[in-house]
Amino acid sequence: MSMTVYQDAFNIEPDISYLNHAAVSPWAIRTQQAVATFAHENATSGATNYLSWMRVEKDLRLKLAQLLGLENSDEIALAKSTSEALSIIAYGIDWQPGDEVLICDQEFPSNRIVWESLASRGVTLRIVPVTDNDPAESICAAISPATRLISVSSVQYASGLRTKLLSLSAACKQSNILLCVDAIQSLGALPFDQTEIDADFIVADGHKWLMAAEGLALLYVKREHIPKLSLHQFGWHMVEAKGAYDKHTWEPALDATRFECGSPNMLGIHALHASLGLLLEIGIDNIEQALSAKVDYLIEQLEAIEGVRILSPKARDIRAGIVTFTAVQKESSELYAELMKQKVICANRGGGVRFSPHFYTPNESMDRAIEILKRLLSA
C-alpha cells in the first residue's frame, strides 16, 4: 500500500523535519479535529452529549483490544501513563520475600524504577546485560528459581532493538514466570498479537507511535490475573455497579475497569480514539512495511556520511522505527542541539542522536534532515 495518500492526513510545518515519534508524536488532522469538536461541545453545551462520549470510550477500548489481536475489551484498562500502569501491576502482585524481577540493561527508567521500589517488600531486581542484540536470550539465560516476573520493552527506547517476545514468553510459561511487556515503542508501529505472545501484562502510553495525547495509556491485564491483583486506588468508577450512586455496598468490577478508580480522561480518549482509528484503517502490517522502508532509507543515507556510526540494529527482524547514530566530528549532545535549532526534531538518547520517523514521514523531510546533518558535520 502506498502511504503517499496518508501524508495529507498530517499537517507538519514544511520547514520542520519531524523525526521524534519515539518521544512525542504530532497529531493527525483527524485527531486535532476530534479534540476541537470535543472542546467545542464542552464550551457550548457542557456534558449534554456525555452519553455519546461514553460510546467513544467504549469504542476506544474495542480498538485497543483489536490492536492487541483480541476480540473483546474485558482485559483492557485505561491508565494515566505507562508508569502508572506499571505501578498498578507492581503493587498489585502478592510478592514473597526473596522474589526476583528481571529486566535488561537497556530499559527506560519507567521500567526500572518501579521494580527497584519493591526492595522494601523483599523483592530483588536483577538487571541483565544484553549480549548479541538479543534481550530475550540474555534474560532467559539469567532466569533463576527466584524469578517471579520478567518485565521487558518490546522495543528498546534508545537503540530501537526489538525483543523476541515469543521465545521469551515460552521461557516464562515453562518456568511459571509472569511476563510484563512495555509496548510503548511498538504499538502503532509494529504488529502485536497477544494471542501468540500471551503476555500477562501489557502497558503503553498513547503519545508516541499511537500519535495521540499524553496522559492516557493502555493497561492490559490477562483475565486470570484481574481478580488476583490487589487494589490500591478506589473510587466510583472501579466498581461493578457503575452508576448506582445510592447503593451503599460495592464490589470491584469483574473486568479490568476495576483498575480505574475515577473519572475517565475524556479529552485523551477522544484523541486516542481518532488516531487509533486512522492507524487501524491503514493497517498495522502496512504501517510496519512503510516504516521499515523509511528506516532503510535513513540507514542508507547516514552510512554514506563519513564519520557517522549507526548504533541501532540494522537487520529488519530485530529493529523497529528508531535509528540512533553518532558522528566522530561532534559530541552527540552538541549535534542534537544544533539539529534542533535547524528544526530537525530528534532526541539525544543512548549516547547518540536518535531519529524516529513514522510511516507517513515524507522522504523530502528526511532528505532535509540529512542535508542539515551534513552541513553541521562539515562546518
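In strand β13, R354 is the bridge partner of T324, strands being DSSP runs of E with at least two residues and helices DSSP runs of H or I with at least four, both numbered from the N terminus. The model is predicted, so that local features need pLDDT of at least 70 and side-chain atom pairs count only at pLDDT 80 or more, whereas totals for chains, interfaces and linings use all residues. Residues are numbered from 1 along each chain as its sequence is written, and side-chain values use heavy atoms, with hydrogens and water left out.

Strands β10 (residues 323-327) and β13 (residues 352-355) run antiparallel and are joined by three bridges, where pairing requires that DSSP finds at least two bridges between two strands. Both belong to an open sheet of four strands with antiparallel pairing, in the order β9-β10-β13-β12. At its edges stand β9 (308-310) and β12 (347-349), each of which pairs on one side only. Helix α10 (residues 332-341) lies across β10, β12 and β13, at about 40 degrees to β13.

A further open sheet, of seven strands with mixed pairing, has the order β2-β8-β7-β6-β5-β3-β4. Because β2 (76-79) and β4 (124-128) stand at the edges with a single partner strand each, one side of each is left without a neighbour in the sheet. Within this sheet, β5 (residues 147-153) and β6 (residues 178-182) run parallel through five bridges.

Terms used: Contact means heavy atoms within 4.5 Å. Axes are lines fitted to C-alpha atoms, for helices over the stretch in contact, and angles run from 0 to 180 degrees between N-to-C directions.
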